[in-house]
Amino acid sequence: MGTEVQGDWKRRESWKSALVQVAVVAVVLAGAVTYFVHRGAVRKETEERMRAARSAALRGNPADLTRAMAELETLFQVDAEARDGQALAADIQTVLWLEHHQPGADAKAREYLSRAEALDSRSGERYSARALHLLAEGKTAEAEKYLADLQAQGANSPRLTLALALTLQAKGDLPGARQAFARAAEGAYRDTRFTTAYAEALLDEGQHAQAVEVFEKTTSVNPDHLMARLGAGLAYAYQGKKLEEAQRALATASEKDAELTPSLRSRMGALKAELALTRGATDEALQEADAALKTVPDDVYALFARARALSARKGPEARAAFEAAVAKRRTAPLLYLDGARSLQASGDNTGALALLDAYEGTFGAVQVATADGKKVSLLEQDGRYWLARGGLLEAAGQQDDALTAYDKAIAAKGVGLARAQYAKGALLVLRKDYEGAKALLATVAPDTGAGTLPEAYTAMGDLLFAQSAYAAGCQHYYFGLVRARSQGTSRDELAARIDSVKKGLESAGQGPMAKAWMNETGALLQ
């Protein structure tokens, strides 16, 4: 009986135990299902919010960045530990801080970056933001080492390449920076931030036509990208052409007044100042530049516009104004080279040479890699600098030093080679070294008319007239006029050049040829 009771007890316990176990399993399964469903929903929402944020940020305007941040803030309410979301937020706030000067963005950028690092985000946004923060703190060497260490670990992304470009730019390695900007823009061609950064680097270098071309890549993605529109407008104003496009850029920005950040407002002011300068309205230009600087006191383009306005007025404070612009962006050739030209035009050759001395002081120690992997001085390859220096020295009457500078510009074999050959050739004509001049000018002003520099043909015409080769000289003068007309030279200036040649022929006793010259060139003025 004891055995029977014991058996019954075991059967009763087994039955109850089974029910309990089933219940426990059901609860566990229900909890697991609920957990995984919840996690799946969180993961889905995280992915959707991240996609929406990235998509908005790609367009690049402040309103787009604000929408991106709204998506991320909603995401953080669901999952505060979305580490890549924190990194993306750090990236966006860094843009608003460093590129747009948005008040409070610096603190937010640091806060989000701290969270992303604490959560160990492995996204490009985290690492690039850290590099940009180091650059903003003036820690260029640390930023370079940080990026080198990441590269050694195999890290690679357009954002890291962009950070590298900005680091090389800060160091003064402009060729290396240019290549990195181009790689970053190519790797993220749908992100307006990358093409805009590349275009602004070209603008800093004074490569206006190339800058416009890259700005147009930005506007092909977002036709209303405000910084790209205004940047292209500045490039047009510096060139003195397509000014109606610059005016349209201002109109587009003005229509979105409520969305403008401090940087966009100061950029508008700088563009207004430059457009006023194209009209010769120096007082208006100075007022617009000063107004822009009240918005962003260290805006480089507004500082530059102010200096150009003062120089156009031949104000004694122009030199200090250019130096103030240079102090804010030491590695921007535009500020030195165009600044020197402006000071020279205002009669301040001493100030112009001082700016070029500062340029040499900034870039003189910079070493860059050649195509075969060797390291050379950046200045050895900087034909634009030596050409600018030669022109200033020539204007100051230091012809021997000017020839040395022109020789260095020619040796650089850069994009300005033809202009350097012309400059040296024209100076040799003045020194009556006709054979030396002819050897140089023949390469840039061939008698086929295929040359592109009107001034080179004029210099060759002067040389041939000095050798009494009047017919050949007239042919070269004519080629120069045709080139000048195709490049937009005004009718009045063309007429003055034609008249100058006529007087030269008449003073040399070539009356019949002077009449033929006037008949042949008359069509150019129609």
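Helices here are DSSP runs of H or I with at least four residues, numbered from the N terminus. The model is predicted, so local features need pLDDT of at least 70 and side-chain atom pairs count only at pLDDT 80 or more, while totals for chains, interfaces and linings use all residues. Residues are numbered from 1 along each chain as its sequence is written, and side-chain values use heavy atoms, with hydrogens and water left out.

Let's start with the pockets. A pocket is an open set of points on a 1 Å grid over the protein atoms alone where a 1.4 Å probe fits, with protein on both sides within 12 Å along at least five of seven lines; its lining residues have an atom within 4 Å of a point. The second largest pocket comes to about 1400 Å³, the volume being the space filled by probe spheres set on the points. Among its 45 lining residues, Leu 98, Glu 99, Leu 166, Gln 169 and Arg 329 sit closest to the centre. Helices α3, α5, α7, α9, α13, α15 and α16 each supply at least two lining residues, and α9 has the largest share, with 7.

The largest pocket has a volume of about 1800 Å³. Arg 384, Leu 387, Val 415, Gly 416 and Arg 419 are the closest to its centre, out of 47 lining residues. Here α17 gives the most to the lining, 7 residues.

Asp 64 counts as buried because its relative accessibility is 4%, and buried means under 20% with a 1.4 Å probe, protein chains only. Beyond residues up to four places away in sequence, Asp 64 touches Ala 56, Ala 57, Arg 59 and Asn 222, a contact being heavy atoms within 4.5 Å.

Key: Buried means under 20% relative accessible area, exposed over 50%, partly exposed in between (1.4 Å probe, protein chains only).
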